[in-house]
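Subject: Structure handover

Hello,

Here is the structure I promised to pass on to you. Please open it alongside this message, and I will walk you through what turned up.

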Amino acid sequence: MDFHALSGMRDYIGAPSEDLRTVINIASDLFQSAGFREIETPIMEDARLFDRSLGSASDIVSKEMYTVEQSGDRIIALRPENTAGVVRAVNQHSLMANRNQLKLFYAGSMFRHERPQSGRYRQFHQVGVEVFGRSDPVIDAEIVHLGAEFLERCGLNDVVCLVNSIGNLEEREQYKKELVGALDPYREELSDDDRRRLEENPLRVLDSKDETCQQICEDHAPSIRDYLGNETRQHFESVLEYLDDLGVTYELDDTLVRGLDYYSRTTFELVSEDLGAQDALCGGGRYDGLSEVLGGDPCPAIGFAAGLERIMMLRDRFESEDLDTSVDCYLVPFDEESHRELLSLLPELRTIQHPQQQRSVSVELGDPGDSLRSQLRRANRYRSAVTLLLGSDERENNEISLKRMDTGDQRTLDYPPAEKLFDQIKGTLLDVDPEEIASAN
Ligand code: AMP
């Protein structure tokens, strides 16, 4: 029997795996510079946590959660998103007890049993931020800007920022009634799915992908922003002014409702036209009532989550199968004795810091059973900047040879001690033009 990864789940091998880490590093670097601390919550939670927070009528809870029944009727779920888990942790550990604000970020896998397609997976990765204790509109604008800045640092241009306000609970309830009333005459023209949404979760009808439904909404749905009270309206206007101050270009989108029960007031999404149907890269908004819903004290909050698979697709590394390794320094032993000598040098060489990059120098040891020619060919295939060559003559004279691969220059150094050799390796790495090595191959 052949085993395959489950549908909608995939292996990340070489370049995609490394890119995933790179993107997470970009996020954590940026989020830390904005004052966020990291949080890691369990991948599984009590399923009721999601039921209460996302809403039992949401698509995620009603049909997309992976759940496991445990003894005693307890149902646990693989997390479909991380905001609920973070709020649970904030409440459980009373993290807001002596604070005015708390800023947390996370990175990790989420699980949703959706129909797989390009950009939509059943296991996918998100990074996200959550700010607790702040209701002022400046933070809304800062969070939108942070999401946009993150995508920019990932190298994505052409990102469009959509913003909306969906009001507080009362304003939204009023709007829902009006919406259902306005769309009722067209009920028969809607798909079964949209009819169900209109009954169970009417706001969701606004972001239906069905074209007939979209047209009906465009022609007949009232705008949610016409139902905002004075306070919410002023808050939203200030958010937009602060976005201008921060240089974020945005489009107002009154169909952006985000479908989960916990959102209130500001909602936003960052989308890319290069992605096709699954165009959202990052989505978020306020969830001022969630802490209370989950049994905690009232606490205004706002955050976003960004999907890393879609970001990696746009960075062009996602489908790469390039598994070739490159090393900075290749060690060429001419005989068995030199091989052992170089082997004992290997761990120390790998502690040298690369002079230009935030990592250790990479080193690979050749095989004395291979000819000098084939060892050097391999060094070239690894795109090594420098090789160290050791044979019986060098050993007798307490020397080692260092060859610079782009120019072919070779020099002999005293060895041991090793310090001078290490400096020479660093110096060569600083000097070598990687283009030259590539063309020498
Ligand atoms: P959400 O938690 O639904 O607001 O999603 C936030 C971001 O996560 C989206 O903008 C997507 O980039 C990403 N995302 C959501 N669902 C999936 C999925 N099934 N596969 C891949 N990425 C996803």
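A polar contact here is a pair of N or O atoms within 3.5 Å. Please keep in mind that the model is predicted.

Let's start at the ligand. At A280, a backbone N or O atom lies 2.8 Å from an oxygen atom of the ligand. L281 also brings a backbone N or O atom to 3.2 Å from a ligand oxygen atom, while R258 uses a polar side-chain atom, 2.4 Å from an oxygen atom of the ligand. On its own the ligand has 480 Å² of accessible area, and the protein covers 90% of that.

There are 14 residues around the ligand, and R112, E114, Y121, R258 and A280 come nearest. By type, the shell holds six nonpolar, three polar and five charged residues. β6 (123–132), β10 (280–286) and β11 (301–307) each give at least two residues to this shell, with the largest share, three residues, coming from β10.

Now for a sheet to look at. Five strands form an open sheet in the order β13-β12-β14-β15-β16, with mixed pairing. β13 (363–365) and β16 (410–414) are at the edges with a single partner strand each, so one side of each has no neighbour in the sheet. Strands β12 (329–333) and β14 (386–390) run parallel and are joined by five bridges; V332 has L389 in β14 as its bridge partner. Helix α12 (336–349) packs on the sheet, touching β12, β13, β14 and β15 (399–404), and its direction makes about 160° with that of β12. Helix α13 (372–381) packs on the sheet too, touching β12, β14 and β15, at about 170° to the direction of β12.

Enjoy exploring!

Notes
Residues are numbered from 1 along each chain as its sequence is written. This is a predicted model: local features need pLDDT of at least 70, side-chain atom pairs count only at pLDDT 80 or more; totals for chains, interfaces and linings use all residues. Side-chain values use heavy atoms; hydrogens and water are left out. A residue is near a molecule or strand if one of its heavy atoms lies within 4 Å of it. A polar contact is a pair of N or O atoms within 3.5 Å; within protein, one must be able to donate a hydrogen and the other to accept it, and residues adjacent in sequence count only if both atoms are side-chain atoms. Accessible areas come from the Shrake-Rupley method with a 1.4 Å probe; for residues, only the protein chains shown count as cover. Helices (H or I, at least four residues) and strands (E, at least two) are DSSP runs, numbered from the N terminus. Ala, Val, Leu, Ile, Met, Phe, Trp, Tyr, Cys and Pro count as nonpolar, Asp, Glu, Lys and Arg as charged, and the others, Gly among them, as polar. Two strands pair if DSSP finds at least two bridges between them. Contact means heavy atoms within 4.5 Å. Axes are lines fitted to C-alpha atoms, for helices over the stretch in contact, and angles run from 0 to 180 degrees between N-to-C directions.
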